[in-house]
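Student: Please walk me through how to read the contacts in a model like this one. I will ask about one feature at a time.

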Amino acid sequence: MTPTRRTVGFGALAAAALTAAPRAALAYGGDSYSVSGKKGPYVKQVAGRSFGLGGADGSLGLASDSANLGRYQAARIRMPQTEAKVAALLAKIDTQWPYAKGQPLQVHILGVDYYNAYSLADGSIVVAFGLLDQAQSDDEVAFVLAHELGHVRLGHFARQSPAEARKSAVNSAAEFLVVSSALQAGGMNSSAVAAATQAGATTDLLKFMTTVMVEPEHTRAQEDEADCIGYDLSQAASFSADSASAKVFDTIQADQQKRTAVVDTLNSQLKAQLGHAITSGGAMSLITGSGGDLRAGLLQGAGRLAIGVAAARASEAPPQHRPPEERKRGMAEYTAAAYPAGAPLRDEQKTWLATVHATNEFAQAKLAVAAVADTKRARADGHYDVARAAIQRARQTTFRNAPLVLNEAARLSDDTGDTAGAEKLYVQANASPDQTVDGYVDHVRMLFRIKQNDRALAVASAGVARFGNDDKPFISLRIAINHAEGRTDEVDADLQRCQGYGNPDLTKDCQLAAGKSAKAESKPASTTPSLPFGLPHL
């Protein structure tokens with residue numbers, strides 16, 4: 001008889017569940033685990049279900065939005081060898097899906113050290129470099145990929161726009177950069193300009209950390225389904241889903257807690273920097289010189305990004321994923337019912353991961369990703385010598401011409417007054433097929449601040465055209481530029497367009513860019529996590 005994991009005590013997943021709190025504790029706000037294994041493996045339970053494979057009202061309908069396209073994701077880093085290996089592993093898992101598969105799968109790598117991945121409506125599986133770097137077994141990576149594959153194959157994008165939260169967060173943070181640009185252009189003293197410059201760098205880092213891997217708006221039930229499908233598919237593909245899922249759940253939680261602590265520190269740092277810049281007498285003449293009204297608007301805009309973070313966190317919806325212990329308990333109960341004979345006992349596999357780590361491409365990417373992260377942190381701290389040394393390390397790698405590196409080098413050059421050098425770097429990054437919306441926005445922001453307004457509008461127009469004709473990332477900057485040029489008709493038209501998007505935060509940013517102060521809210525809007533602090537994806 002072949003031994004099974006269940007015959008030796010259910011493995012790490014079940015053991016953790018059986019020693020945890022009783023079943024009643026599984027509920028989260030009255031929400032019990034939504035998938036039962038009593039009718040067998042979930043992959044068999046969904047037979048005959050409509051998976052929303054595409055069409056005008058299906059998942060492919062969302063792919064017209066650039067935020068839903070894997071190739072446009074922020075911090076994407078092109079790694080052909082690694083992408084091919086991940087795609088091969090994903091294909092192995094996908095062979096276990098017994099139904100129609102819809103659009104082809106794509107694999108993209110993000111140059112961040114997060115232990116995570118997410119999926120998109122166009123069939124993209126977006127994998128953080130940190131997952132491949134930190135995973136200790138093939139089984140972990142396989143379970144993560146199988147979970148994301150579950151979202152795609154189950155059609156979890158068919159009735160919603162997973163990019164909405166991401167876009168809202170990116171817009172609110174990116175458009176707030178109008179404030180730091182205006183502060184630096186407002187004729188303040190050198191001390192206040194330095195504070196505003198550092199506030200801009202801190203904002204860059206906050207925006208990057210909290211939006212680069214914002215999860216699509218899946219429901220908790222959909223996440224439960226993806227966990228169960230992930231288990232079914234990865235174990236069917238001969239991976240140890242029991243131990244891998246338990247490890248993944250714990251590691252993702254620890255990774256998020258670490259980043260949340262950094263974000264809290266940055267938030268406090270940003271408050272101090274904004275306080276110095278905004279209370280400067282010169283800041284009162286920004287954009288229109290309308291004194292107190294504009295100051296109120298600046299503080300309101302800053303509040304959504306920094307001062308109001310605590311309130312936004314208190315009012316935000318619970319994360320889609322359950323805490324790790326709940327996920328492990330739910331999965332243990334599901335697998336005990338779905339696989340009564342137990343899954344085969346398998347040793348941890350590491351061969352695939354070893355081949356990924358063995359390439360020079362991976363080694364060079366690891367250096368570049370770490371160096372860019374060090375540059376961002378040093379910029380936020382105002383340690384420019386440290387930042388220069390860090391970005392130089394990145395530029396000595398084979399990824400020297402990747403937008404991930406070029407954009408950060410441009411931001412650093414801008415911070416230190418070398419706008420001509422920054423312009424060259426941004427132009428080089430814009431020529432890359434991997435350039436991001438963030439890179440274009442930051443380029444426009446710099447040009448606006450140094451009063452190259454016609455050039456700024458041209459770059460903004462190029463960005464809109466490149467990224468699916470979506471002008472929301474650029475509209476408040478465009479308003480600020482036209483306002484500075486006295487083009488009232490253009491400002492009014494864009495204000496009306498901005499308000500038509502129905503996003504209160506974006507509307508406030510547009511009003512601020514036009515020199516108008518929005519009325520203060522009595523309480524934070526429920527749709528206003530300008531910086532989303534929910535659990536990251538998977």
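Student: How many salt bridges does the structure hold?

Tutor: Side chains of opposite charge can pair when their charged atoms come close. A salt bridge here is a side-chain nitrogen of Lys or Arg within 4 Å of a carboxyl oxygen of Asp or Glu. The structure holds 30 of them. Keep the source in mind: this is a predicted model, where local features need pLDDT of at least 70, side-chain atom pairs count only at pLDDT 80 or more, and totals for chains, interfaces and linings use all residues. Residues are numbered from 1 along each chain as its sequence is written, and side-chain values use heavy atoms, leaving out hydrogens and water.

Student: Which residues are linked in a network of salt bridges?

Tutor: K376, R379, E408, R411, D415, D442 and R445. Take E408 and R411: their bridge is 2.9 Å, N to O. Both sit in helix α17 (residues 403-415), three residues apart, about one turn of the helix. Helices are DSSP runs of H or I, at least four residues, numbered from the N terminus. E408 and R411 are both buried. Buried means under 20% relative accessible area, exposed over 50%, and partly exposed in between, with a 1.4 Å probe and protein chains only.

Student: Why are D442 and R445 separated by about one helical turn?

Tutor: Because they are three residues apart in helix α19 (residues 437-449). D442 and R445 are both buried.

Student: What does K472 do with its charged end?

Tutor: The charged end sits over the ring of Y501, 4.5 Å from its centre. The rule asks for NZ of Lys or CZ of Arg within 6 Å of the ring centre and within 35 degrees of the ring normal. K472 also meets D470 in a salt bridge of 3.1 Å, N to O. Both K472 and D470 are buried. In another case, R259 lies over the face of Y114, 3.6 Å from the ring centre.

Student: How many aromatic pairs are there?

Tutor: A pair of aromatic rings is described by the distance of the centres and the angle of the planes. Rings of Phe, Tyr and Trp (its six-membered ring) pair if their centres lie within 6.5 Å; planes under 30 degrees apart are stacked, over 60 edge-to-face, the rest tilted. The count is five. W97 and Y99 are edge-to-face, 5.1 Å centre to centre with 85° between the planes. W97 counts as buried at 3% relative accessibility, whereas Y99 is partly exposed at 22%. F129 and F362 are stacked: 4.6 Å between centres, 25° between planes. This pair links distant parts of the chain, with F129 in helix α5 (residues 129-134) and F362 in helix α15 (residues 360-381), 233 residues apart. F129 and F362 are both buried.

Student: Which residues touch the most other members of the largest nonpolar core?

Tutor: In soluble globular proteins, nonpolar side chains tend to be buried together. A nonpolar core is a set of buried Ala, Val, Leu, Ile, Met, Phe, Trp, Tyr and Cys residues joined through side-chain atoms within 4.5 Å. Of the 123 residues in the largest one, I93, V112, V127, L145 and V212 touch the most other members. Helix α10 (residues 241-278) gives the most to this core, with nine residues.

Student: Which residues is L145 in contact with?

Tutor: Contact means heavy atoms within 4.5 Å. Leaving aside neighbours within four places in sequence, L145 contacts V86, L89, L90, I93, I125 and V127.

Definitions and conventions
Helix = DSSP H or I, 4+ residues; strand = E, 2+ residues; numbered from the N terminus.
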